[in-house]
Amino acid sequence: MLRVAVVGSGPSGVYSAQTLVQQDPAVHVDVLDRLPCPYGLVRYGVAPDHEKIKSLQNNLRTVLEHERVRFLGGVEVGPAGLPVERLRELYHAVVYCVGAATDRHLGIPGEELRGSWSATEFVSWYSAHPDSLADGFVLGARAAVVIGVGNVAVDVTRMLARGASELSPTDMPQAALSALAASKVSQVHMVGRRGPSQARFTTKELRELGTLPGTRVSVNPAELELDPAYGDPSGLPAPQRRNVEVLRGWASTPSGDDRHSVRLRFFLRPVEFLADGDRVCGVRFERTEPDGRGGVTGTGRYEEIEAQLVLRSVGYRGVPLDGLPFDAEHGTVPHLAGRVLRDGVVAPGEYVAGWIKRGPTGVIGTNRPCAKETATSLLEDAPVLVRREVPEDPLAALRAAGIAPVEWTGWEAIERAEAELGASLGRGVVKLPDWESLLAAARRCAP
Ligand code: NAP
């Protein structure tokens, strides 16, 4: 029997576990997660109104219920919980699928003003992440600036523009729903530093903005025309060409009516957050122009956009895990086909998959081939790995170390508690938003 620990129960972790048990009947996998709940960014990153993507949880669930896979939630790997070195002693191999846990910074004056948040903080709040302490995002705000033109920027823009009747059927926590229902934010400016043909959002997500009830989406044709590929997008790769076509449509006919207005802006790079006391009241941008090599240069001309809420949506970043090597430049763990490299040399029994392996790019499905590559490397190494003695049952060793994992029955109890909470509010399933209520629910394991 080959005992493998997968650290992280998001898509890359679950797909790794799936490949391992599908390809080798001798493999047993424990999927560990710091949180008592599985599914990683599918639960805590995918926007609540994207029910179809969220339903991927059903596929992930099948893997976690496999007879040779075991979910162990509430286990923090690292110095504060189970050190990496101890974890390695308990299993023949460990696959780290810990994602990219923090957000990038802009490094410009005023970034820390009240009212300026990372998109990650906003997403965590409306996704009921138990570590999310912030609230008051939309309180007192009439206009918002979203910096960045990736899919997360589109998500947060859409959540600001959605009305209560559209959000109520989702599993969003009640406090976030009430706050967004009362929101007075009527204008959202989503701003890219480069041109429309370089935007990172995908066309399906972009197009969806134009279908939101009561929301008018507009662009500035003069800005779009600055992009050399805008006039003739035929040379662009298909995804970018389709984006340009959608924007072109909005340039001639803005979509929808105007309870909410979403303005997509381009060729503006943020240089400073403007302050009203200790609160943000706007963002100063420098106008840019294409440099002919896919980048932009500053023009020395500036524009200010008023906003009482600023969401910085400029990408995620991996964080180092104590005991594992880390490439600080890329925010990833160095690896060779998923095998962790220590000082350039393969470290036997240590693997990575997902964003901590390749950086925060791609959609959920990108994790499948990524996890498969890693699992294949691990199974190639299995004949050597299995020679090392490991405890009969790592769970007993974890308990002896004072760790009390939330097992699958605990997670099922959380699911029941969320269904009950929703029923009591006259809604569908509603997520529990804090550690206390999650752990209290998990302790009520009896069906
Ligand atoms: P992203 O796709 O990397 O987009 C980051 C955006 O921030 C880009 O527009 C980038 O512009 C901009 N940016 C970076 N640094 C900046 C700076 N200093 N000043 C101004 N702008 C800056 O990241 P993301 O939106 O966080 O998404 C992460 C991944 O999750 C992506 O692969 C995304 O597709 C995926 N995702 C998918 C979905 C979905 O499928 N529905 C939903 C959410 C997320 P430049 O291009 O100029 O660097």
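Reader: Where does the ligand lie relative to domain 1 and domain 2?
Author: Between them, because domain 1 (2–101 + 318–406) and domain 2 (102–316) both give residues to the shell around the ligand. Keep in mind that this is a predicted model.

Reader: How many residues surround the ligand, and which are the closest?
Author: There are 23 residues around the ligand. V149, N151, R193, R194 and G362 are the closest.

Reader: Which element gives the largest share of the shell?
Author: Helix α7 (residues 151–161), with three residues.

Reader: OK, polar atoms. What lies 3.1 Å from an oxygen atom of the ligand?
Author: A polar side-chain atom of N151.

Reader: And R194? How far is its side chain from a ligand oxygen?
Author: 2.8 Å, from an N or O atom in the R194 side chain to an oxygen atom of the ligand.

Reader: What about S313, backbone or side chain?
Author: Backbone. An N or O atom of the S313 backbone lies 3.4 Å from a ligand oxygen.

Reader: How much of the ligand does the protein bury?
Author: 85% of the 920 Å² that the ligand exposes when taken alone.

Reader: Switching to annotation. Where does UniProt place "binding site"?
Author: The unreviewed UniProt entry puts that feature at R193, R194, E205 and G362.

Reader: Where is R193 found?
Author: R193 sits in the loop between β8 (187–191) and α10 (203–209).

Reader: Is R193 buried or exposed, and why?
Author: R193 counts as exposed because its relative accessibility is 57%, and the cut-off for exposed is over 50%, with only protein chains considered.

Technical notes: Residues numbered from 1 in each chain as written. Predicted model: local features only at pLDDT ≥ 70, side-chain atom pairs only at ≥ 80, totals over all residues. Heavy atoms only, no water. Near = heavy atom within 4 Å. Polar contact = N/O pair within 3.5 Å; in protein donor to acceptor, adjacent residues only side chain to side chain. Areas by Shrake-Rupley, 256 points an atom, 1.4 Å probe, with all protein chains shown as cover. Helix = DSSP H or I, 4+ residues; strand = E, 2+ residues; numbered from the N terminus. Domains from an automatic or database assignment. UniProt positions renumbered as here; feature names shortened; annotations may be inferred. Buried < 20%, exposed > 50% of the residue type's maximum accessible area, 1.4 Å probe, protein only.
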